[in-house]
Amino acid sequence: MQHRLLIVDDEEHIRVAMRTFFSHRGYVVDAASEREEAEALLANFTYSCVIADLRLSAGHGADGLEILGFVKERCPGTRIILLTAYSSPAVEVEARRRGVDLFIHKPKPLSEVGRLVEALIADGAPP
Amino acid sequence: MNDGSVLEQLLAPGALHPLFQPIFDIRNGRSTLHALEVLMRGPQGTNVEHAGVLFEYVRRRHEEARIDRACFTAALDATASLPGQPRISINVHASTLAKDKGFVGFLVEAAETRGVRLSRLILELLEHTPFWDVRPLLDALRELRGFGVEVALDDVGVGQSNYRMMVECRPDYFKLDRYFMVGAAQDRYRQAVIASLARLASTCGARAVAEGVELESDLRLVAELGVDLVQGYFLATPLPAAELVARGVLGPVEAIPSPQP
């Protein structure tokens, strides 16, 4: 079965790098730069995993948490990973309360992110 | 302002691409073009090229009215190039008609500027959010009907396209959601719903349109169930205006009665 991934990040070079990396590994990859764009994709397609940046634009709050809430409510079969460079314990606690499957602190090599995604999808449980 | 958002990309000139899909009248064993539905696509190669993603995004940004205006502009530009004066069926959010006070005036001017008679237009009402004060919507529909515009209720049977909307809006067409068509030949529940909605439309003086007719068996089935307006890939795929003309898809076009004074 070919897994479908959704990358959500406001930085184009991150989206391009992740799309390229995961496409070469056999995933079908979509990428979105905005929360509403990500939610529109989630409403139309079924994803194995969503990898979302916690903050999609400076000063606009934690969009990643909103996406997390959307995924958990509307797409219970989809796993979700939040990426962040600006984590705080309070945000991590909130993300875990909302049911995040994995929280990754940036920077992290793509190969490592790829390994974590693969394990998350394969086991159905956080690696 | 261009902040590079998907919304700004959608509102840029030439960003929206209208395709036309024929709706055929299959009464008496013949197939006559009844209307062309405009199916809008976003910029090629983007996520919003897909219509479902496009309109879900627009609703999440609460920008239905701005995008509906942009869609009408693109649709009427393309319609002006079509020969034969066919009816044109264009989607619009009910919330746009209810909340955008200038929409009717915009539509009338946009059509007249391009030489498109208003009596050729069918407005397909979409609604995804219930709202309680329907008076502004009904006022807009009354004004549009005065110009000869017809009204269709889209996605009948799912979401907010329910009995209340039928009673309030008195549509001329009930567009049966494609959900009921998929696998209908082997599903007596779907067949029962299609037959029931076809009878309901007829009782209300409206016409039922079956969307998503993709197989010859679908076509036979809906005809047996009392639906005589059909749309779907079995009969014709959505095409840009130029290709529609080049392929000769238009064929004979039904005459449109003059609006009642």
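In the predicted model, helix H1 (residues 12-24) of chain A packs against H5(A) at an angle of about 55°, their axes lying 11 Å apart. Axes are lines fitted to C-alpha atoms, for helices over the stretch in contact, and angles run from 0 to 180 degrees between N-to-C directions. Helices (H or I, at least four residues) and strands (E, at least two) are DSSP runs, numbered from the N terminus. The angle makes H1(A) oblique to H5(A), where angles under 35 degrees count as roughly parallel, over 145 as roughly antiparallel, 65 to 115 as roughly perpendicular and the rest as oblique. H1(A) and H5(A) cross in a right-handed sense; a crossing is right-handed if the near helix is turned clockwise from the far one by less than a right angle, and left-handed if anticlockwise. H1(A) contributes A:Ala17, A:Met18, A:Phe21 and A:Phe22 to the contact, and H5(A) contributes A:Leu110, A:Ser111, A:Val113, A:Gly114 and A:Val117, contact meaning heavy atoms within 4.5 Å. By class, these residues comprise seven nonpolar, two polar and no charged. Here Ala, Val, Leu, Ile, Met, Phe, Trp, Tyr, Cys and Pro count as nonpolar, Asp, Glu, Lys and Arg as charged, and the others, Gly among them, as polar.

The axes of helix H2 (residues 35-44) of chain A and helix H2 (residues 51-60) of chain B come within 8 Å and cross at roughly 135°. H2(A) and H2(B) are therefore oblique to each other, and the crossing is right-handed. On the chain A side, A:Glu36, A:Glu37, A:Glu39, A:Ala40, A:Leu41, A:Ala43 and A:Asn44 meet B:Gly52, B:Val53, B:Glu56, B:Tyr57 and B:Arg60 of H2(B). This contact of H2(A) with H2(B) has five nonpolar, two polar and five charged residues.

The contact between the chains as a whole takes 13 residues from chain A and 11 residues from chain B. The two chains bury about 990 Å² between them, 57% of it from carbon and sulfur atoms; buried area is the accessible area (1.4 Å probe) that two parts lose on being put together, summed over both. In chain B, the most area is lost to chain A by B:Asn47, B:Val53 and B:Arg60, together 54% of what that side buries. Two salt bridges are found across the interface, a salt bridge being a side-chain nitrogen of Lys or Arg within 4 Å of a carboxyl oxygen of Asp or Glu. B:Arg60 forms a salt bridge with A:Glu39, with 3.2 Å between the closest N and O atoms.

Over all chains, the structure holds 34 salt bridges. Among them, A:Arg79 pairs with A:Asp101 at 2.6 Å between the closest N and O atoms. A:Arg79 belongs to strand S4 (residues 79-84) of chain A and A:Asp101 to the loop between helix H4 (89-97) and S5, so the pair ties together parts that are 22 residues apart in sequence.

Backbone geometry was also examined. A:Lys106 and A:Pro107 are joined by a cis peptide bond with omega about -5°, and A:Pro107 is found in the loop between strand S5 (102-105) and helix H5 (110-123) of chain A. B:Asp155, in strand S5 (residues 150-156) of chain B, has a positive phi of about 55° although it is not a glycine.

Residues are numbered from 1 along each chain as its sequence is written, and chains are lettered from A and ligands numbered from 1 in the order in which they are written. For this predicted model, local features need pLDDT of at least 70, side-chain atom pairs count only at pLDDT 80 or more, and totals for chains, interfaces and linings use all residues, while side-chain values use heavy atoms, with hydrogens and water left out.
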